[in-house]
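Here are a few notes to go with your first look at this one. Have the viewer open as you read, and take the points in order.

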Amino acid sequence: FVAYLAVELVRRHLGFLALVLPLVALVAIPGSLAITRDLTSEAQFAGLDDIEVADWARANTAPDAVFVAADRPNVPVATLAGRSLVLGYRGWLYNFNIAYGEREAAVQAAFAGRFDDPALRTFDADYLLVSAYEDAYWGVDETALAAHPVLWSNGTWRVYDLP
């Protein structure tokens with residue numbers, strides 16, 4: 001509607017062109033820059049390894065399977081395969097004042113290789129998903145996890161079957 005009015009003003013009074021052109025540029029330049037940035041950005045929501053683990057989870061786990069994973073906002077088994085997680089992204093949980101201490105303790109127990117920990121058993125999780133790039137905060141104990149067989153893996157992800 002605004003564009004129609006601008007065209008009509010310019011048609012009737014050519015002098016308005018000097019006013020309309022800067023306004024059009026003012027509106028169009030930020031949008032053009034945003035589109036250009038999106039088209040040239042290297043950022044990805046999911047990489048090939050993420051898609052691969054999500055495909056595996058969709059094909060090999062029940063739709064109601066529960067995974068233990070670190071609190072990323074884009075854990076592929078949740079975002080791409082639709083499986084539940086013991087702990088969601090803490091940034092969002094904190095924002096909505098949702099208590100997550102017990103769930104965080106369960107994730108830390110799993111990453112420490114303590115699959116029989118009562119904190120973990122409370123949530124009846126089926127699988128542990130570990131990234132090759134886990135934050136040090138989670139204290140992934142590679143030695144303890146080595147005692148458990150890896151159910152599936154690729155270059156980025158390992159999946160363990162929880163007893």
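1. A word on terms before the pocket comes up: a pocket here is an open set of grid points with protein on both sides within 12 Å along at least five of seven lines, and its volume is the space filled by probe spheres set on those points. Bear in mind, too, that this is a predicted model.

2. With that in hand, the largest pocket comes out at about 190 Å³. What lines it? The residues are Val2, Ala3, Ala6, Leu9, Val20, Leu23, Val24 and Val27. Sorted by class, that lining has 8 nonpolar residues, with no polar and no charged ones. Helix H1 (2-12) and helix H2 (17-40) each supply at least two of the lining residues.

3. Now for the sheet. It is an open one, built from 5 strands in the order S2-S1-S3-S5-S4, and the pairing is mixed. At the edges you'll find strand S2 (84-85) and strand S4 (150-153), each pairing on one side only. As a reminder, strands of a sheet pair through backbone hydrogen bonds, either parallel or antiparallel.

4. Take a look at the S4 end. S4 and S5 make a hairpin, with 3 residues between them. Strand S5 covers residues 157-161, and its pairing with S4 is antiparallel, over 3 bridges. Which residues face each other there? Trp152 stands opposite Val159 in S5, and Ser153 is opposite Arg158 in S5.

5. Next, the helices on the sheet. Helix H3 (residues 48-60) lies across strand S1 (66-68), strand S3 (127-131), S4 and S5, and it runs at about 25° to S5. Helix H6 (residues 101-111) also packs on the sheet, where it touches S1 and S3, with its direction at about 75° to that of S3.

6. Last, the rings. The count comes to 7 aromatic pairs. One of them is Trp56 with Tyr127: the ring centres are 6.2 Å apart and the planes sit at 90°, so this pair is edge-to-face. Trp56 belongs to helix H3 and Tyr127 to strand S3, so the pair ties together parts that are 71 residues apart in sequence.

Terms used: Residues numbered from 1 in each chain as written. Predicted model: local features only at pLDDT ≥ 70, side-chain atom pairs only at ≥ 80, totals over all residues. Heavy atoms only, no water. Pairing = 2+ DSSP bridges. Helix = DSSP H or I, 4+ residues; strand = E, 2+ residues; numbered from the N terminus. Contact = heavy atoms within 4.5 Å. Axes fitted to C-alpha atoms, helices over the stretch in contact; angles between N-to-C directions. 1 Å grid on protein atoms, 1.4 Å probe; cavity = no way out; pocket = protein on both sides within 12 Å on 5 of 7 lines; lining within 4 Å. Nonpolar A, V, L, I, M, F, W, Y, C, P; charged D, E, K, R; others polar. Phe/Tyr/Trp six-rings, centres within 6.5 Å; stacked < 30°, edge-to-face > 60°.
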